[in-house]
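Reader: I would like to go through this model with you, beginning with the charged side chains. Shall we look at it together?

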Amino acid sequence: MSTLLYLKMLFAGTGIVGLGIVLYKNTVPTEEEVVAKFSPEVRQKYYQEKAFRDASEHDNKLYELIQSNAQSSRPAWMLSDTVEPACVIRERDRASWSATALSKAQMAAQNKMIEERERLRKMEKEEEKNKGKWFQIW
């Protein structure tokens, strides 16, 4: 009788997990579907930023650096004297990105996105300050 109970629980658990997988596959949109629902301006910004991320030299250099470190037989802490940190590479290559990889329109769009992010960060900080107040008068 206890084996029958275990079989029932196994089938019930499998059914719940299977139902979850089916619902996930049928209800969650793919990345392409989400992008297709964007407005044309947002879609253009999305593709510009995606192209910038794909074309950035920093990512390629960092990837090559990680690959060379992975193939090395030395321990990770011994590589630190020959490897520059990612932040140093990023700062050094930032000028070359802006000069070669981006056109003026892309730079303007990038600056606008940076300003928008800074504005949102400031708003979040203000919300965090006001979060502790349980009563607020306009």
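Reader: Which side chain meets glutamate 49 in a salt bridge?

Author: The partner of glutamate 49 is arginine 117, at 3.2 Å from N to O. A salt bridge here is a side-chain nitrogen of Lys or Arg within 4 Å of a carboxyl oxygen of Asp or Glu. This is a predicted model, in which local features need pLDDT of at least 70 and side-chain atom pairs count only at pLDDT 80 or more, while totals for chains, interfaces and linings use all residues. Residues are numbered from 1 along each chain as its sequence is written, and side-chain values use heavy atoms, with hydrogens and water left out.

Reader: Which helices hold glutamate 49 and arginine 117?

Author: Glutamate 49 is in helix H3 (residues 40-55) and arginine 117 is in helix H6, so that the pair, 68 residues apart, links distant parts of the chain. Helices are DSSP runs of H or I with at least four residues, numbered from the N terminus.

Reader: How many salt bridges does a search of the whole structure find?

Author: The search finds 3. Another joins arginine 119 to glutamate 116, at 2.4 Å from N to O. In a further one, the closest N and O atoms of arginine 121 and glutamate 118 are 2.8 Å apart.

Reader: Why are arginine 119 and glutamate 116 separated by about one helical turn?

Author: Because they are 3 residues apart in helix H6. Arginine 121 and glutamate 118 are likewise separated by about one turn of H6, being 3 residues apart.

Reader: Is arginine 119 buried or partly exposed?

Author: Arginine 119 is partly exposed because its relative accessible area is 41%. Buried means under 20% relative accessible area, exposed over 50%, and partly exposed in between (1.4 Å probe, protein chains only). Glutamate 116 counts as partly exposed too, at 36%.

Reader: Which residues in H6 are buried, then?

Author: Ala109, Gln110 and Met113 are buried there.

Reader: What does H6 reach from its first C-alpha to its last?

Author: Helix H6 (residues 104-131) has 28 residues and reaches 40 Å, close to the 40 Å expected at 1.5 Å a residue. That expected span is 1.5 Å times one less than the number of residues.

Reader: Changing topic, is tyrosine 6 exposed or buried?

Author: Tyrosine 6 counts as exposed, because its relative accessibility is 55%. This residue lies in helix H1 (residues 2-27).

How values were computed. Helix = DSSP H or I, 4+ residues; strand = E, 2+ residues; numbered from the N terminus.
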